[in-house]
Amino acid sequence: MWIEAIVMPREQPRPPARRGGRRSLESSVVLDRRVAHARASEESRLFREQVLEFLREHQLMTGVRWISEPGQFPLVTLHCTRAVLEQLRHEPAFDAGLSMPLELLG
């Protein structure tokens with residue numbers, strides 16, 4: 001039976017933000033949207049490759065019917081078997097779970 005799973009990178013704890021004085025105008029330069037878009041796209045592509053590499057290394061590709069293309073967020077949706085989802089859940093680099101069917105939202 002095929003299920004729809006969502007895989008995201010597991011969040012790493014971040015160090016507390018430094019509290020400093022006021023930032024100068026020069027240090028608070030806003031990134032150009034195109035640069036931010038390109039960075040997000042690259043991060044998404046690299047994450048998708050990381051998931052595919054994991055699936056190949058663990059010989060799980062026969063349990064995957066479809067995998068989403070890279071987008072703007074490091075997130076992969078795939079149609080897979082429950083066994084594949086369980087393997088992804090055990091991988092420390094990933095947070096993986098079932099997506100909610102639209103029928104349940106109504």
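Within helix α1, the residues Ala-40, Ser-44, Phe-47, Arg-48, Val-51, Leu-52, Phe-54 and Leu-55 are buried, where buried means under 20% relative accessible area, exposed over 50%, and partly exposed in between, with a 1.4 Å probe and protein chains only. The model is a predicted one, in which local features need pLDDT of at least 70 and side-chain atom pairs count only at pLDDT 80 or more, while totals for chains, interfaces and linings use all residues. Residues are numbered from 1 along each chain as its sequence is written, and side-chain values use heavy atoms, with hydrogens and water left out.

The cover over the buried residues of α1 includes β1, β2, β3, α2 and β4, a contact being heavy atoms within 4.5 Å. Helices (H or I, at least four residues) and strands (E, at least two) are taken as DSSP runs and numbered from the N terminus. The 25 residues of α1 should span 36 Å at 1.5 Å a residue, and this agrees with its end C-alpha atoms, which are 36 Å apart; the expected span is 1.5 Å times one less than the number of residues in the helix. Just after α1, Gln-59 adopts a positive phi of about 50 degrees.

Seen as a whole, the chain holds two helices and four strands, and these follow one another along the sequence in the pattern β-α-β-β-α-β. Of its 106 residues, 26% are buried. Among contacts between residues at least 6 apart in sequence, 70% join residues that are at least 24 apart. The accessible surface of the chain is about 8500 Å², with 55% of that area belonging to carbon and sulfur atoms; accessible areas come from the Shrake-Rupley method with a 1.4 Å probe, and for residues only the protein chains shown count as cover.

Turning to charged pairs, the count of salt bridges comes to five, each defined as a side-chain nitrogen of Lys or Arg within 4 Å of a carboxyl oxygen of Asp or Glu. One of these joins the side chains of Arg-10 and Asp-95, with N to O at 2.7 Å. Because Arg-10 lies in the loop between β1 (3-9) and α1 (33-57) whereas Asp-95 belongs to strand β4 (residues 94-98), this pair ties together parts that are 85 residues apart in sequence. Arg-10 is partly exposed, at a relative accessible area of 32%, and Asp-95 is likewise partly exposed, at 32%.

Another salt bridge links Glu-86 to Arg-89 at 3.0 Å, N to O, and both residues lie in helix α2 (residues 82-90), three residues apart, or about one turn of the helix. An α-helix has 3.6 residues a turn, so residues three or four places apart point the same way. Glu-86 counts as partly exposed at 29% relative accessibility, and Arg-89 is partly exposed with a relative accessible area of 33%. A further salt bridge is that of Arg-34 with Asp-32, whose closest N and O atoms are 3.3 Å apart; here Arg-34 is exposed, with a relative accessible area of 66%, whereas Asp-32 is partly exposed at 35%.

The surface also carries a nonpolar patch of about 300 Å², made by Met-8, Phe-73 and Leu-75. Patches consist of residues with over 30% relative accessible area and no salt bridge, like charges being joined within 9 Å and nonpolar side chains (Val, Leu, Ile, Met, Phe, Trp, Tyr) within 5 Å. Leu-75 sits in the loop between β2 (64-67) and β3 (76-80), and its relative accessibility of 32% makes Leu-75 partly exposed.
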